[in-house]
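Hi,

Here is the structure I said I would pass on. Have a look at it first, and then read my notes below.

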Amino acid sequence: MDTVYIETSVISYLRQQPAKEVVTAAHQLLTHQWWDTERKNYALVVSQYVIDEASAGDPTLAADRLSVLAGIPRLPGHPEIDRIADEIMARAILPPKAAVDALHIASVAHHRIQYLLTWNCKHIANARILPRVHQVLIDLGVPIPIICTPEELISDDPETED
């Protein structure tokens with residue numbers, strides 16, 4: 001069974017009030033669809049970085065996000081994660097304010113997780129950034145994970161559905 005790292009934006013979309021903005025509403029619907037129908041096909045993991053981000057903000061909303069994460073195994077920390085993230089940041093691939101995004105990528109790469117699931121298309125699932133991230137991972141001899149959105153990880157082939 002493949003493993004999926006659930007990045008914080010996915011949990012946020014699951015727990016937000018329904019959006020009025022059409023793109024956000026579509027992301028919410030797709031996230032719920034993936035969560036309800038697809039997640040059973042994968043082993044899910046998170047990191048302490050996801051827990052920390054989900055814990056921030058309004059205490060009631062944070063508790064709601066953390067309840068979704070309850071029971072999902074947490075990847076252990078490792079100095080190599082910091083080294084990978086530091087290299088991503090040193091090459092100015094991400095802005096300083098996105099250092100935790102580099103840590104998400106580094107956690108997934110270090111632990112050889114197959115998928116990083118995210119709606120963060122500004123700093124993580126970004127077609128202009130990913131080739132540079134991939135080059136860092138290649139240079140460090142670390143496997144390249146598939147970084148995608150829930151929409152991309154939904155099976156739409158009727159022949160493969162249960």
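Predicted model: local features only at pLDDT ≥ 70, side-chain atom pairs only at ≥ 80, totals over all residues.

**Aromatic rings**

There are four aromatic pairs in the structure. In one of them, the ring centres of Trp 34 and Trp 35 are 6.3 Å apart with 50 degrees between the planes, so this pair comes out as tilted. How exposed are the two residues? Trp 34 has 0% relative accessibility, so it counts as buried. Trp 35 is at 10%, which also falls under the 20% cut-off for buried.

Then there is Tyr 42 with Tyr 115, an edge-to-face pair with 5.9 Å from centre to centre and 80 degrees between the planes. Where do these two sit? Tyr 42 is in the loop between helix 2 (22-37) and strand 2 (43-45), while Tyr 115 belongs to strand 3 (residues 115-117), so their pairing ties together parts that lie 73 residues apart in sequence. Both are buried by the numbers: Tyr 42 has a relative accessibility of 16%, and Tyr 115 has a relative accessible area of 15%.

If you colour by ring pairs, you will see that Trp 34, Trp 35, Tyr 42 and Tyr 115 are linked into a cluster.

**Thr 31**

Helix 2 also holds Thr 31. What does its side chain pair up with? There is a polar contact of 2.6 Å between the side chains of Thr 31 and Trp 119. Leaving aside residues up to four places away in sequence, Thr 31 touches Val 10, Tyr 13, Leu 14, Trp 119 and Pro 150.

**Helix 7**

Now to helix 7, which runs over residues 130-140. Which of its residues are buried? Leu 130, Val 133, Val 136, Leu 137 and Leu 140 are. These residues span an arc of only 120 degrees around the axis, and that is why they end up on the same side of helix 7. As for what they pack against, the buried residues of helix 7 meet helix 5 (79-90), helix 6 (99-110) and strand 4 (146-148).

Cheers

Methods:
Residues numbered from 1 in each chain as written. Heavy atoms only, no water. Buried < 20%, exposed > 50% of the residue type's maximum accessible area, 1.4 Å probe, protein only. Helix = DSSP H or I, 4+ residues; strand = E, 2+ residues; numbered from the N terminus. Arc of directions from axis to C-beta. Contact = heavy atoms within 4.5 Å. Phe/Tyr/Trp six-rings, centres within 6.5 Å; stacked < 30°, edge-to-face > 60°. Polar contact = N/O pair within 3.5 Å; in protein donor to acceptor, adjacent residues only side chain to side chain.
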